Amino acid sequence: MESISRPSLIFWQEAWRRIRGNKVAFFSLILLIAYGFLAIFAPMLSKYGFDQQDAYAMSQGFSGAHWLGTDSLGRDLWVRVWMGARVSLTIGLLAAVLNTVIGTVLGGFCGYYGGKLDMIVMRMIDVIYGIPSLIVCILVMVVLGSGVQSLVIAMVIVGWTGTCHFTRGEVFRLKEQEFVLAARVMGEPVFTIIMREIVPNIMGLLITQLAMAIPSAIFQEAFLSYIGLGISPPQASWGVLAKEGTRMLKVAPHMLYVPAFFICTTVLALNQLGNGLRDAFDPRLRGTE
């Protein structure tokens, strides 16, 4: 009698098993979850407000009263870091999700229909690719002003192109498959075919694209805030904290090192998680263990 050498797993169970087996990706996931919980609860549980000043505790280093020290106005850096994490992670996640949704819808229709729609969208992508994305973001921020809404709009204007180009190629590949032809013969609308038949077959790759897009959005927010076009003080973001720390580098270097540490570890963790998701969702890697 033949026996099954491994349990039968659905696609998502297999992907989760692979992620757990990837120690670097799994640790990155745990770290990001911890950062998320701290961003939500740490400011709520602290006895200090993010804008509460203390003239007797200005530019202090690490201590029992202020775990990450204080800034030049005596504000607690522990609270400000996690308030900044709320802003930076929210902007990064929101911009990446919007870019993925817009790029998936446009790329799906371009790949399915082709023709004039495909030509127009592809020429738009060529124009956007021809201009550095940071330059476009800076121009948009100059016109719209600073703020979370302006930052998200600026990132969405230039960020949807990669997902659109990727989705278009995948839809070109899948639209002639038998299950798509069967749905077309049964009279399903085009939008339903794209969303129900095609997108689920590339969902794993889209999730990987999303995970890789979030660190780019976080870095763009930090850079724009650093040069004064993002979040405006006294509101906190990691870019704002890094900008404030640069001015006090010789007096209180921890003011720069603390936000720089969280920016670097978050971006690195997201990149490693994206690599792990790519490996987990790639069916060509199954059965190689």
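In which hand, right or left, does helix 3 pass helix 6? Keep that in mind; the tour returns to the crossing after a look at the whole chain. The model on screen is predicted.

**Stop 1: the whole chain**

Start with everything shown as a cartoon. The chain has 12 helices and 0 strands. Switch to the C-alpha trace: along its principal axes it spans about 75 × 60 × 30 Å. Now colour by accessibility. Of the 289 residues in the chain, 44% are buried. Contacts come next. Take those with a separation of 6 or more: 70% of them join residues 24 or more positions apart.

**Stop 2: helix 3 against helix 6**

Select residues 77-113, which form helix 3, and residues 148-159, which form helix 6. Their axes come within 9 Å. The crossing angle is roughly 35°. Here is the reply to the opening question: helix 3 passes helix 6 in a right-handed crossing.

Show side chains at the contact. From helix 3, pick Val87, Ile91, Leu94, Ala95, Leu98, Asn99 and Ile102. They meet Val148, Leu151, Val152, Met155, Val156 and Gly159 of helix 6. What classes of residue make up this contact of helix 3 with helix 6? It has 11 nonpolar residues, 2 polar ones and no charged ones.

**Stop 3: Arg80 and its partners**

Stay on helix 3 and centre on Arg80. Arg80 is buried, at 0% relative accessible area, under the 20% cut-off. Which side chain meets that of Arg80 at 3.7 Å, N to O? Asp71 does, in a salt bridge. Asp71 also counts as buried, because its relative accessibility is 1%.

**Stop 4: Arg123 and Asp126**

Move to helix 4, residues 115-129. Select Arg123 and Asp126, which form a salt bridge with their closest N and O atoms 2.9 Å apart. The two are 3 residues apart in the helix, so about one helical turn separates them. Are they buried or partly exposed? Arg123 is partly exposed, with a relative accessible area of 45%. Asp126 is partly exposed at 40%.

Go back to Arg80 for a moment and select Asp71, Arg75, Arg80 and Glu244 together. Salt bridges that share partners join these four into one network. How many salt bridges does the structure hold? The count is 7.

**Stop 5: the cysteines**

Finish with sulfur atoms. A search of the whole structure finds 0 disulfides. Select Cys137, which is in no disulfide. Its nearest cysteine sulfur belongs to Cys164 and lies 17 Å away. Cys137 counts as buried because its relative accessibility is 0%. Then jump to Cys264. At 53% relative accessibility, over the 50% cut-off, Cys264 counts as exposed.

Definitions and conventions: Residues numbered from 1 in each chain as written. Predicted model: local features only at pLDDT ≥ 70, side-chain atom pairs only at ≥ 80, totals over all residues. Heavy atoms only, no water. Axes fitted to C-alpha atoms, helices over the stretch in contact; angles between N-to-C directions. Helix = DSSP H or I, 4+ residues; strand = E, 2+ residues; numbered from the N terminus. Left-handed = near helix turned anticlockwise from the far one by under 90°. Contact = heavy atoms within 4.5 Å. Nonpolar A, V, L, I, M, F, W, Y, C, P; charged D, E, K, R; others polar. Disulfide = S-S within 2.5 Å. Buried < 20%, exposed > 50% of the residue type's maximum accessible area, 1.4 Å probe, protein only.
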